[in-house]
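These notebook entries record what I looked up, topic by topic. The sequence and structure come first.

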Amino acid sequence: MGKYEESVGLLLGNLSEAQRPAAIDEGHTVIVAGPGSGKTTTMVAKAVYLADKYGPENIAMVTFTRNATAEMRARVSSVIGKSAMDAMQISTLHVAMSGTLPNDSRTRNRKRLKPGEAASMLYSVIGAQAKNRHFCKKEDVANAVTRLRSRYPQPLEPLSDSPIDALAFDVLLAYQEILHKQSLGDMDQMLKESVESLQSGASRPLARRFLIVDEYQDTDETQHEWVKIHAASGLMTTIVGDDDQSIYAFRGSIGYRSMTDFMDSFEHRRYDVTTTYRTAPLIMGAALQMVGHNKERLEKRVMSGADVGPGVVELRIYAKGCAYLAKRLAPDGTGYYDLASGDSVTDGFDGELPSGSDLDALGDVYAPGGTSAAILEACGAVDRISTLMRYGGGSGAILAKTNFQLGALEARAREIGVAFYRSGAGSFLDKNYVAETVALIRMGYEPPSPRNVSMVLSLLNFSAHNSAIVIKAMSDYGNACDPFSFLFDSNLFSRLDSLDDATKLRALRDRLEAWADIAITRGRCLTRQMSEEISGHIMGLSDFIISMQNDRGARSRHIAFMCDFIANRVDGALAERVRKAQFIFGRDPSKSGPGKDDLYLGTIHSAKGMEFDYVWMLRCNESPDDSEGVQNGLLPGDSGIEESRRVSYVGMTRAKSHLFMSAVCTSRQKTLSRMVFECLKPSQPRRGLQAVAELQK
């Protein structure tokens, strides 16, 4: 051992019998780590052990998020000190992959798009390509494009015959053509080129001896190929992951396949670090029983070593205007019993994949006009979890399948004065229309670029054809003294094939003309009067932009908020205001995290890697994703069902002692999720849920 022998020895001595061998293995290693099993501790121990023996400059650790990277750096630094930690390479996988890009003119001269800018361009292309095509949500098409780009090598045809995959293929070709013509690049393109350059010999693998990769189940084909190239080149590689927690198939992660392919490709030793020190036995058993129905999963023995008691699992069902039905999982895990009577019930449920309990009978029980089931569910969740936190101590979370479902939770928390933290879905500026709004404001202090003008036209819902005409006219004027002179060319308007677009362009021209004085000073405002004029112009822009939107809901509110923030919440010159706003909103919202006593509101995906004493999972209803697999080419066959089980597994295993699952009965959602039944252990006779029609008024 080396200079850190004492501190490293202390850390290794605190590892379990399963963790220690994995930490000191110096060859290719696969660590299968269950939820709450101490995988981060094991990875840190391995990194500092190798750093002490071979030098920190020989170690690379990669993670998937900046938060995970920051945690790794802090924990490594606490053992071997900051200078040794800095000598290691501890970064996100994206940063590590960018380090193996070739340093040639193609990469040096290309402008890298920010996420919001790339999203704006992609959504504009989707809008153009989707005309006269099968109806698809833009978000679904964007996800399909991401999955297509995650494949390595990039497919030369659509991933399936579905309309959404066919559209995604055409969108990607058009999008990549725009990137090429404008000498632009984005993150996905960089990842592909990193692998291609390594394969061709144009660049070299990381100059390290050991590589440790966290959350390996989240890698896509491109990232997986990058890791394999390094392992084949001689870097002793450790992959750490849990295929049961692979929940990003919608964006291309290959989960089980990435882990098994690595094991098939290299001689390795596998270590199962699968004793959870987080989740109570009853909850863990129910989660394992459910996810065990998946066919694509590694065999592993997961058990609970948590010192939190046996655990509690409850199910609650809400219908319009009604009180809820509450049932609790029996201690032996074989059935649910009614909390009101304390009796277990038998319903003859014994199917391998039951379709769930039909809720149709509830439709006639309750009078119309009552509070909606969704609102009752949100109120029940916030009230129950906040009460447990207040009187029982500990942390709590309410987890939803989508961000949309969080609104009612936030409203209830505000109504009754509960401190909460609502997880964001990424940077506010990553929303394409917010980035486009900022691009328009930036025209007040910098000459317009084709990229910014394209974003502004997208914000105003221009057709792709007419946007191309405007960009062409702009380039024809070159370096004119007035950067907006192309907008005063009458021939430009005559070439547009839409009167609506021509009207919008004239309105934009008039609005930009009002920026003339500010543009002359490059937005460097030094007087109070000029500062007030800028604020007025920005609020005028806000009204103008919103008047051009088809959606007067969240999209318009977000645009108004951003404009108001730049106009009235920050000070200084226009450029300085925009810079401050970009700094504030460009940060990862999850960095600050919830406060000690805050109720966490977020999606299951956002809570991955977190833990809470009390967890409530909303909307445990059967959905098309669960019953038929994700349609429209999102995921083939039964993989949609298996993905849903993994998502439920991640949500359930965030809980330490109490888990609540709730469902609603509405005209569109009338069936409980199969996962509710798959949590049950088999028994003779099997005890489950009676028909939910037993619910009384």
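**Entry 1**

I began with glycine 36, which touches Thr275, Thr276, Tyr277 and Arg278, residues up to four places away in sequence not being counted; contact here means heavy atoms within 4.5 Å. The model is predicted, so I note that local features need pLDDT of at least 70 and side-chain atom pairs pLDDT 80 or more, whereas totals for chains, interfaces and linings use all residues. Residues are numbered from 1 along each chain as its sequence is written, and side-chain values use heavy atoms, with hydrogens and water left out.

I placed glycine 36 in the loop between β1 and α3 (39–54); helices (H or I, at least four residues) and strands (E, at least two) are DSSP runs, numbered from the N terminus. In an unreviewed entry, UniProt lists Ala33, Gly34, Pro35, Gly36, Ser37, Gly38, Lys39 and Thr40 under "binding site". I keep in mind that UniProt positions are given in the numbering used here, that feature names are shortened, and that annotations may be inferred rather than shown by experiment.

I then looked up alanine 33, which is found in strand β1. Alanine 33 counts as buried at 1% relative accessibility; buried means under 20% relative accessible area, exposed over 50%, and partly exposed in between (1.4 Å probe, protein chains only). With residues up to four places away in sequence left out, alanine 33 touches Lys39, Val240, Gly241, Asp242, Gln245 and Val273.

**Entry 2: salt bridges**

I searched the whole structure and found 40 salt bridges, each being a side-chain nitrogen of Lys or Arg within 4 Å of a carboxyl oxygen of Asp or Glu.

Aspartate 25 pairs with arginine 269, their closest N and O atoms lying 2.5 Å apart. This pair links distant parts of the chain, 244 residues apart: aspartate 25 is in the loop between α2 (19–24) and β1 (29–33), and arginine 269 is in strand β8 (residues 269–273). Aspartate 25 is buried at 4% relative accessibility, while arginine 269 is partly exposed at 47%.

Glutamate 215 and lysine 608 form a salt bridge at 3.1 Å, N to O. Glutamate 215 lies in the loop between β6 (210–213) and α12 (221–233) and lysine 608 in the loop between β16 (599–603) and β17 (612–617), so this pair ties together parts that are 393 residues apart in sequence. I find glutamate 215 buried at 16% and lysine 608 buried at 15%. A network of salt bridges links Lys39, Asp214, Glu215, Asp218 and Lys608; Lys39 is also among the residues that UniProt lists for the binding site.

I also logged arginine 509 with aspartate 510, with closest N and O atoms 3.7 Å apart. Arginine 509 is buried at 18%, whereas aspartate 510 is partly exposed at 44%.

**Entry 3: nonpolar cores**

Which residues have the most contacts inside the largest nonpolar core? They are Leu440, Ile441, Val470, Leu505, Leu508 and Ile538, in a core of 49 residues. A nonpolar core is a set of buried Ala, Val, Leu, Ile, Met, Phe, Trp, Tyr and Cys residues joined through side-chain atoms within 4.5 Å. The helices that each supply at least two residues of this core include α17 (432–442), α19 (464–477), α21 (499–513) and α23 (528–547). The largest share, seven residues, comes from α17.

Beyond its neighbours up to four places away in sequence, leucine 505 touches Leu457, Phe462, Val470, Leu487, Leu492, Phe493 and Leu496. Apart from this core lies another, of 41 residues, among them Ala286, Val302, Leu315 and Met652.
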